[in-house]
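Subject: Structure for your files, with notes

Dear colleague,

Here is the structure I said I would pass on. My notes on it follow below.

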Amino acid sequence: MPLSFDIGRFLVCPGRKLCGFLVKVKELKPEILAEMAALTANHNIAILHLVFSRIQQRDAPVVALAFLDFTDSNISPEELVNQVERRFGPIVEVEIIKPKVEGFIVDTVSHNLMLGENRAIIFRDIGYRGLVLDVRKKIGSGAEAIQYYLGFEAGLEFGKKHREMGEALGIRDPVQVYRDISSSMFNCVGYGAMETVKLTMQPPYALIRVFNCFECELGKGSAKPFSHLVRGMIAGVLTELLGVEMFARETKCIAKGDPYCKFEAIPRKPEK
């Protein structure tokens with residue numbers, strides 16, 4: 001079973017007194033974390049969620065989001081913040097995120113989500129189901145073609161970014177960029193678990209496996225391969241990296257009962 005990582009920035013705990021905190025630490029040292037954890041423990045405050053924003057530069061401030069449970073505590077969120085400020089002074093800044101409904105806490109402070117230098121959004125399956133599945137039911141094959149080209153155009157942009165990342169790391173070989181960066185980023189953002197089985201420049205060719213493809217999970221019971229968005233993304237990234245317009249087709253698919261999705265990418269034949 002693949003490991004899952006919950007990036008949810010909300011909690012639903014009926015009957016509990018929840019509170020959120022956005023903490024900015026100018027200099028994060030192990031002893032600061034230990035003392036802050038001890039402070040919450042001394043007041044019987046349960047830490048339900050704690051996540052740190054990525055550190056862009058070594059000397060940059062660290063931002064953390066924390067959801068705490070004060071149900072059994074003898075102090076208020078405001079009193080806890082006062083103690084933190086008295087103890088750590090100018091090193092730590094704390095902003096309280098108060099719940100609008102008891103038992104429900106959500107990060108309403110950090111509006112823009114970032115993935116590296118790029119703005120990102122979280123799109124749950126209950127939302128993208130309509131974009132992938134329901135649109136096909138209403139429009140038919142026309143929607144499938146649109147989804148492929150949407151994926152292709154997105155893939156071109158991903159490919160440009162992955163090349164930049166490769167250059168920053170001293171990697172200029174397009175094959176290595178795809179194997180080590182593109183595949184890893186595909187996995188990182190939750191599209192599925194990608195394995196590059198074969199990738200060559202001469203001739204341009206790719207054989208790729210994807211386990212738990214987010215798109216094809218929606219099409220369980222299909223009689224044919226289901227992916228159009230993802231295969232478009234694969235073709236777009238490869239087109240950008242290899243310098244040849246590629247076309248991807250899906251030959252195995254979890255939607256029709258296969259253990260994984262398999263994609264082959266070849267140069268697109270020029271139109272007559």
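The second largest pocket in this predicted model holds about 330 Å³ of space. Its lining is made up of 18 residues. Those that lie nearest the centre of the second largest pocket are Val23, Met36, Thr40, Leu50 and Ala66. The largest share comes from α1, with 5 residues. By residue type the lining of the second largest pocket has 17 nonpolar residues, 1 polar residue and no charged ones.

The strands named there belong to a sheet. β3, β4, β2 and β5 form an open sheet of 4 strands, in the order β3-β4-β2-β5, with antiparallel pairing. β3 and β5 (92-97) are the edge strands, each pairing on one side only. On average, neighbouring strands of this sheet are turned by 20° against each other, direction ignored. β2 and β5 run antiparallel and are joined by 6 bridges. Val23, one of the residues nearest the centre of the second largest pocket, stands opposite Val94 in β5. α2 lies across β2, β4 and β5, and runs at about 175° to β5.

Which residues does His49 touch, once its neighbours within four places in sequence are left aside? His49 is in contact with Gly8, Leu11, Leu65, Ala66 and Phe67. Ala66 in that list is also one of the residues nearest the centre of the second largest pocket. His49 itself is found in strand β3. With a relative accessible area of 15%, His49 is buried, because the cut-off for buried is under 20%.

Cys13 sits in the loop between β1 (10-12) and β2. At a relative accessible area of 21%, Cys13 counts as partly exposed. Neighbours within four places in sequence aside, Cys13 is in contact with Leu18, Leu48 and Gly103. Cys13 and Arg86 are 73 residues apart in sequence, and their C-alpha atoms are 30 Å apart in space.

Now to the other sheet in these notes. It is open, has 4 strands in the order β9-β10-β12-β11, and its pairing is antiparallel. β9 (193-200) and β11 stand at the edges with a single partner strand each, so one side of each is left without a neighbour in the sheet. The twist from one strand to the next averages 20°.

β12 (residues 261-267) is joined to β10 (residues 205-211) by 5 bridges, the two strands running antiparallel. β12 also pairs with β11 (residues 246-252), in the antiparallel sense, over 6 bridges. What stands opposite Ala248 in β12? The residue there is Ala265. Ala265 is also the bridge partner of Ala206. For Phe247, the bridge partner in β12 is Ile266. In general, strands of a sheet pair through backbone hydrogen bonds, either parallel or antiparallel.

α6 (residues 229-242) lies across β9, β10, β11 and β12, and it runs at about 140° to β11.

Some backbone details are worth a look when you go through the loops. Gln202 and Pro203 are joined by a cis peptide bond, with omega about -5°. Pro203 lies in the loop between β9 and β10.

Phi of Asn44 is near 60°, a positive value in a residue other than glycine.

Asn212 also has a positive phi, of about 55°, although it is not a glycine. The place of Asn212 is the loop between β10 and α6. Asn212 is partly exposed too, at 37% relative accessibility.

That is the end of my notes.

Best regards

Note on methods. Residues numbered from 1 in each chain as written. Predicted model: local features only at pLDDT ≥ 70, side-chain atom pairs only at ≥ 80, totals over all residues. Heavy atoms only, no water. 1 Å grid on protein atoms, 1.4 Å probe; cavity = no way out; pocket = protein on both sides within 12 Å on 5 of 7 lines; lining within 4 Å. Points joined across faces, edges and corners; volume = space filled by probe spheres on them. Nonpolar A, V, L, I, M, F, W, Y, C, P; charged D, E, K, R; others polar. Pairing = 2+ DSSP bridges. Axes fitted to C-alpha atoms, helices over the stretch in contact; angles between N-to-C directions. Contact = heavy atoms within 4.5 Å. Buried < 20%, exposed > 50% of the residue type's maximum accessible area, 1.4 Å probe, protein only.
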